[in-house]
Amino acid sequence: MASDSDDSLPPSGRFTRFRKLAGLSMQVGTDVLKSGAKRLTGGSSEMLSKGAAEKLVSTLGELKGAAMKLGQVLSMDPDLVTPEVRQVLARLQNQAPSMSYERVASVVRQELGAPPEEVFREFSRQPMAAASLGQVHSAVLHDGGGAAVKVQYPGIAESLSHDMENLGLVVKTVSKASRLMDGSAYFQEFRDELLLELDYRREAALAEEFSRAVSPLEDLCVPAIRSQWSTGRVLTMELLPGLPLKDWVTTQPSNEERFRVARQLIRATYGPFFGAERIHADPHPGNFMVMPDGRLGVLDFGSIKRFSPRFVEANRRMLLQALRMESMDVLGLSLEAGFTVELPGAEAAELIREVLHIAGRPMRQSPYDYATCEIPRDMRNHFSRNAARFLKVKPPPEAVMFFRATGGLAQNLRLIGARGDFRGVYLEMAERFG
């Protein structure tokens, strides 16, 4: 049996995790400053060196939890780093340092009453994927069915709680210093959603709800939950064949294939949002499987977010009017969605209208080429130029997970780089589930 000091487990002490992150921040920050100086003198344009990226992956992968989720977000943005560095960061999507098999067997025994070799006909000692809260092993059930078994890291609940306490102190300090920068409600939304991911029984129920939500879309696939072999810290589900999206894009698929998969990603995001008021809010490319039969498999259901009807309806009307190129009361629709505005109406409307103009390019141009898409970069620049004014246009807390989902969708579509009639895809979703 592995000892309590097993290096494969995330360090759980609050001070230890804070110290590791602080040290990492200093090292990476120094690297970014050096890169900035090189850019100013006409040297390298990269923001992060490969060496710093390796350190980032090593530390965040060891910490797992919220820290690793942050690294996954960074790995999805092609504007921040070079392709070589992004390849290093991509390891955080499902290749974190794994816990020992002895630890895995211990958790399975505690949760299912017997070691993996007895619970399953076959159980791989090596993980298929190691992620932020647990790692996944392939298995064969006694009835012969293939299964993916997600086993939670021992101590991750405590580690995640400490991460949230450390981050909460930062948010609290900033919020007290400036009423305009009060992010308490958004942090609470993020914290609550993240801590809920620790409950695999909840995730099993969400997977079944999401499966029903996407059932009208036959080109999508949600793995069946094997409830008999699932508990609070072990989740067993159907094993889907195929390649994760991040690996599939390296096989040089044709534009026709890339458009098909890009369309499926849009359907997987907006279909359940408009049809069942739910969205998959953890959209990194390790969570989507391109299957041999042409379907897109959707994985990992800890971050399925349910929205208020008014938020969904306001967004649907906004999307429809943008697609139909109709005049739009952007401020009125934003207020209906739950935004609060502390700017003069015309000024707020101008800010929001530019956001929609940038995000709406695939909805106005047909065909649209995501290979040359600059939406994330231009959106970031728009927010940077108008940061002080945007602090006075505040979305509702539930929008945090919506922006996480749609922002990740945009990055995945750019990763795929397909060209085609995306306007028609978005229009189908808005009209079909209206």
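# Exercises on a predicted structure

Helix α18 supplies three residues to the lining of the largest cavity, the largest share of that lining.

**Exercise 1. The cavity.** Determine how many cavities of 30 Å³ or more the count gives, and state which residues line the largest cavity.

*Solution.* 
- Step 1: The count comes to one cavity of 30 Å³ or more, and the largest cavity holds about 30 Å³ of space.
- Step 2: Its lining is made up of Leu265, Thr269, His280, Pro283, Phe288, Ala405, Leu409 and Asn412.
- Step 3: The elements that give two or more residues to this lining are α11 and α18 (399–416).
- Step 4: Sorted by class, the lining has five nonpolar and three polar residues, and no charged ones.

**Exercise 2. The four-stranded sheet.** Give the strand order of the open sheet that includes β9, and identify the helix that lies across β5, β9 and β10.

*Solution.* 
- Step 1: The order of the four strands is β5-β10-β9-β7, and the pairing is mixed.
- Step 2: Strands β5 (220–221) and β7 (243–244) are the edges, each pairing on one side only.
- Step 3: Strands β9 (residues 288–290) and β10 (residues 296–298) run antiparallel and are joined by three bridges.
- Step 4: Within this pair, Phe288 stands opposite Val298 in β10. Phe288 is also one of the residues lining the largest cavity.

**Exercise 3. Strand β4.** Decide whether β4 is largely enclosed or largely open, and name the strands to which β4 is joined by bridges.

*Solution.* 
- Step 1: A residue counts as buried under 20% relative accessible area.
- Step 2: Six of the seven residues of β4 (residues 146–152) are buried, so the strand is largely enclosed by the rest of the structure.
- Step 3: Seven bridges connect β4 with β3 (residues 134–140), and these two strands run antiparallel. Ala139 has Ala147 in β4 as its bridge partner.
- Step 4: The strands β3 and β4 form a hairpin with five residues between them, and Gly144 in the turn has a positive phi of about 95°.
- Step 5: Five bridges join β4 to β6 (residues 234–238), again in an antiparallel arrangement. Here Lys150 stands opposite Leu235 in β6.

**Exercise 4. Backbone details in loops.** Find where Asp300, Met325 and Pro367 lie, and describe the backbone at each.

*Solution.* 
- Step 1: Asp300 lies in the loop between β10 and β11 (304–306). Although Asp300 is not a glycine, its phi is positive, at about 65°.
- Step 2: Met325 is in the loop between α12 and α13 (330–336). Met325 is likewise not a glycine, and has a positive phi of about 55°.
- Step 3: Pro367 belongs to the loop between α15 (361–364) and β13 (368–369). The peptide bond from Ser366 to Pro367 is cis, with omega near 0°.

Notes: Residues numbered from 1 in each chain as written. Predicted model: local features only at pLDDT ≥ 70, side-chain atom pairs only at ≥ 80, totals over all residues. Heavy atoms only, no water. Pairing = 2+ DSSP bridges. Contact = heavy atoms within 4.5 Å. Axes fitted to C-alpha atoms, helices over the stretch in contact; angles between N-to-C directions. 1 Å grid on protein atoms, 1.4 Å probe; cavity = no way out; pocket = protein on both sides within 12 Å on 5 of 7 lines; lining within 4 Å. Points joined across faces, edges and corners; volume = space filled by probe spheres on them. Nonpolar A, V, L, I, M, F, W, Y, C, P; charged D, E, K, R; others polar. Buried < 20%, exposed > 50% of the residue type's maximum accessible area, 1.4 Å probe, protein only.
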